[in-house]
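Dear colleague,

Please find below the structure that I am handing over to you.

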Amino acid sequence: MNVTIYDVAREANVSMATVSRVVNGNPNVKPVTRKKVLEVIERLGYRPNAVARGLASKKTTTVGVIIPDISSTFFAELARGIEDIATMYKYNIILSNSDQNKEKELHLLNTMLGKQVDGIVFMGGNITADHVEEFEKSPAPIVLAGSIEESGKMPSVNIDYEQAVFDSVTEFIEKEHKNIAFVIGPLHEPKNSEKKLQGYKRALQEAGIEYRDELVVEGDYTYDSGLEAIERLIEVANKPTAILVGSDEMALGVVHGAQDKGYKIPDDFEVITSDNSRLSLMVRPQLTTIVQPLYDIGAVAMRLLTKYMNKEKVEEHTVILPHRIEYRKSTK
């Protein structure tokens, strides 16, 4: 049978209110009484009922995290940052995979709220008006991590994706590359169509280089889509000499696909990738990359959520973290 707070109170010869104060760290308990109650808790193996405590306090100390794919190195690093800060602030995590499916995302959101979570960290590629409508109806605060919501209504943590792409393409241009390809993620995602692609176009325009549709290849973040992208690019007239890739998995596909065809990196194609996940170090040559502080994006998003959950003052509703380029062997 489960040991209850009543059993502890009876054994310690104190009231249930006193046991509750000891369990919750209330200082208004005499040291002698606290010691006696803690000894009984240890002896009986009492574990406070989190559900009952949540009903009493209207808090469950639980946070929902909705993530597109936990097997992705990109999202796994974000999730690690979220989890570490959650643990620091004594919150438990409920983690769910959404598979980048809108209906599943909305279903998971309502499932989380049904479990009385105190807040939600949401990661998704395409935040629609339907998402925002559900977010605004939520009784619990929601923070977006590594996700763009165009209206700016929702608290979020990101980098400046347009500037990061602009900086990378400018790096190629300064090395006198004229034919610069961009293997980009799904264009239905605003982060790609409204931010990254615009950064690519702006860099070309400022350098007086003509934009060419055939040098922009849409992928789906996977290794296989990187293989398919390089197959297309090597068939282009005036094929590229430099390639920016929108995810590390796609970049590995690009590099391996090029090498399978007898091309050398960086002699034939210089390559810059976008995530700086562990994958960028596991390929030869190691990949020059945009450094997104993935762990920090998750950690800052979770800390921002704790502020909303605890009614703390929030200075920045939309947080933009710094990025940089890490130079390795896939560029000269």
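**Findings**

Asn276 is partly exposed, with a relative accessible area of 25%. The model is a predicted one, and Asn276 belongs to the loop between strand 9 and strand 10. Its backbone deserves a note: Asn276 is not a glycine, yet its phi is positive, at about 60 degrees. Most residues other than glycine have a negative phi, and most peptide bonds are trans.

Asp99 also has a positive phi, near 60 degrees, and is likewise a residue other than glycine. Asp99 sits in the loop between strand 2 (92-97) and helix 6 (102-114), and its relative accessible area of 49% makes it partly exposed.

One joins Ile265 and Pro266, with omega at about 10 degrees; Pro266 is found in the loop between helix 11 (248-260) and strand 9 (270-273). Another joins Arg284 and Pro285, with omega at about 0 degrees, and Pro285 is placed in the loop between strand 9 and strand 10 (288-291).

**Helix packing**

Helix 1 (residues 5-12) packs with helix 3 (residues 31-44) at an angle of about 125 degrees, and their axes are 9 Å apart. The crossing of helix 1 and helix 3 is right-handed. On the side of helix 1, the residues in contact are Asp7, Val8, Glu11 and Ala12, and these meet Lys36, Val37, Val40, Ile41, Arg43 and Leu44 in helix 3. The residues of this contact comprise six nonpolar, four charged and no polar ones.

**Salt bridges**

Side chains of opposite charge can pair when their charged atoms come close.

Lys35 and Glu39 form a salt bridge in which the closest N and O atoms are 2.7 Å apart. Because they are four residues apart in helix 3, about one helical turn separates Lys35 and Glu39. Lys35 counts as exposed, at 52% relative accessibility, while Glu39 counts as partly exposed, at 45%.

Glu136 and Lys153 meet through their side chains in a salt bridge, at 3.8 Å from N to O. Glu136 lies in helix 7 (residues 129-137) and Lys153 in the loop between strand 4 (142-145) and strand 5 (156-159), so this pair ties together parts that are 17 residues apart in sequence. Glu136 is partly exposed at 48% relative accessibility, and Lys153 is partly exposed with a relative accessible area of 49%.

Arg202 and Glu162 form a salt bridge with the closest N and O atoms 3.2 Å apart. Arg202 is in helix 9 (residues 190-206) and Glu162 in helix 8 (residues 161-174), so the pair ties together parts that are 40 residues apart in sequence. Arg202 is partly exposed at 25% relative accessibility, and Glu162 is partly exposed at 23%. A network of salt bridges links Glu162, Arg202 and Glu206.

**A further loop residue**

Ser151 is located in the loop between strand 4 and strand 5 and is partly exposed, with a relative accessible area of 46%. The C-alpha atoms of Ser151 and Ser274 are separated by 25 Å, and these residues are 123 residues apart along the chain.

With kind regards

Note on methods:
Residues are numbered from 1 along each chain as its sequence is written. This is a predicted model: local features need pLDDT of at least 70, side-chain atom pairs count only at pLDDT 80 or more; totals for chains, interfaces and linings use all residues. Side-chain values use heavy atoms; hydrogens and water are left out. Axes are lines fitted to C-alpha atoms, for helices over the stretch in contact, and angles run from 0 to 180 degrees between N-to-C directions. Helices (H or I, at least four residues) and strands (E, at least two) are DSSP runs, numbered from the N terminus. A crossing is left-handed if the near helix is turned anticlockwise from the far one by less than a right angle, and right-handed if clockwise. Contact means heavy atoms within 4.5 Å. Ala, Val, Leu, Ile, Met, Phe, Trp, Tyr, Cys and Pro count as nonpolar, Asp, Glu, Lys and Arg as charged, and the others, Gly among them, as polar. A salt bridge is a side-chain nitrogen of Lys or Arg within 4 Å of a carboxyl oxygen of Asp or Glu. Buried means under 20% relative accessible area, exposed over 50%, partly exposed in between (1.4 Å probe, protein chains only).
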